[in-house]
Every structure is written in C-alpha cells, then in structure tokens.
Amino acid sequence: MADDRAVIKFSSEDCGICHKMAFYDQKVAEELGLRFIDVKMQDTATYRKYRKVLLAQYPDKSEMGWPTYLVCDAPEGEFQILGEVKGGHPKGEFRSRLQAILAIDADGANAETNS
C-alpha cells in the first residue's frame with residue numbers, strides 16, 4: 001500500500017501560515033517518499049475529489065487546523081488515514097512529525113508480519 005502513500009494538504013488561499021508552509025512542505029513530503037496533494041478549499045474541483053478523506057477525519061471540519069496535512073494510503077480509492085499534522089511548524093519539526101507517522105505505520109506493519 002505504501003506505493004500510493006500521500007500527504008494531502010488542506011489549506012486556504014487566505015491563510016498566512018498555509019502560505020509560509022508552502023515554501024517547504026511539498027519538498028519535505030517528497031524527500032520522505034510521499035506524494036504531495038495540495039487542496040485549497042477555494043479550488044472546488046480538487047476539494048470535491050478529496051473531501052471524503054477530510055470528512056473521515058473531521059466530519060464537521062470544526063477541529064481541523066490551518067493547514068491540515070493528512071497522511072494516507074490510496075487517497076483516490078479505499079483510503080486509510082495514517083496520521084495528521086495540524087498547523088504551521090518549522091521545516092525540521094514538520095519533517096519529524098511526518099517521520100513519526102511513517103514510523104508508527106512501519107511498526108504496525110512489522111508487528112503484523114512478525115506475529
């Protein structure tokens with residue numbers, strides 16, 4: 001499943017932190033082997049395509065941060081959300097948070113194959 005692993009960034013064009021994160025979020029995600037999908041809430045076509053992923057995590061969107069990054073497998077199909085990063089973070093911390101999500105998933109996969 002890791003072949004189609006992606007980070008989906010849900011953000012707003014009016015969000016300063018979202019704009020600041022855009023200088024490195026895609027680069028960091030791709031360095032970690034993740035596909036990067038940028039979903040601006042104002043882009044209705046793209047938002048509609050990934051809305052089900054966002055609503056699975058935030059049914060009423062009230063608890064989401066700006067931006068919200070969801071790490072998931074198969075975002076266009078039978079997706080599985082592995083974790084999230086909410087809000088703005090310095091580049092190193094953003095990388096660490098994504099790595100922590102990937103490590104937890106790897107531990108889970110290792111536990112399944114070792115049992």
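Start by selecting strand S1, residues 5-11 (strands are DSSP E runs of at least two residues and helices H or I runs of at least four, numbered from the N terminus). Show its side chains: Arg5, Val7, Lys9 and Ser11 lie on one side, Ala6, Ile8 and Phe10 on the other, and both sets are buried (under 20% relative accessible area with a 1.4 Å probe, protein chains only; exposed is over 50%, partly exposed in between). In a regular strand, side chains alternate between the two faces of the sheet. Seven of the seven residues in S1 are buried.

A word on what you're looking at: this is a predicted model, where local features need pLDDT of at least 70 and side-chain atom pairs pLDDT 80 or more, while totals for chains, interfaces and linings use all residues. Residues are numbered from 1 along each chain as its sequence is written, and side-chain values use heavy atoms, leaving out hydrogens and water.

Pick out arginine 5 and you'll find aspartate 73 of S3 opposite.

Now bring in S2, residues 35-40: this strand runs parallel to S1, joined by six bridges. Click lysine 9, whose bridge partner in S2 is aspartate 38.

Finally, zoom out to the whole protein. You can trace four helices and four strands, in the order β-α-α-β-α-β-β-α. The C-alpha atoms fill a box of roughly 50 × 30 × 25 Å along the principal axes. Colour by burial, and 38% of the 115 residues come up as buried.

Terms used: Two strands pair if DSSP finds at least two bridges between them.
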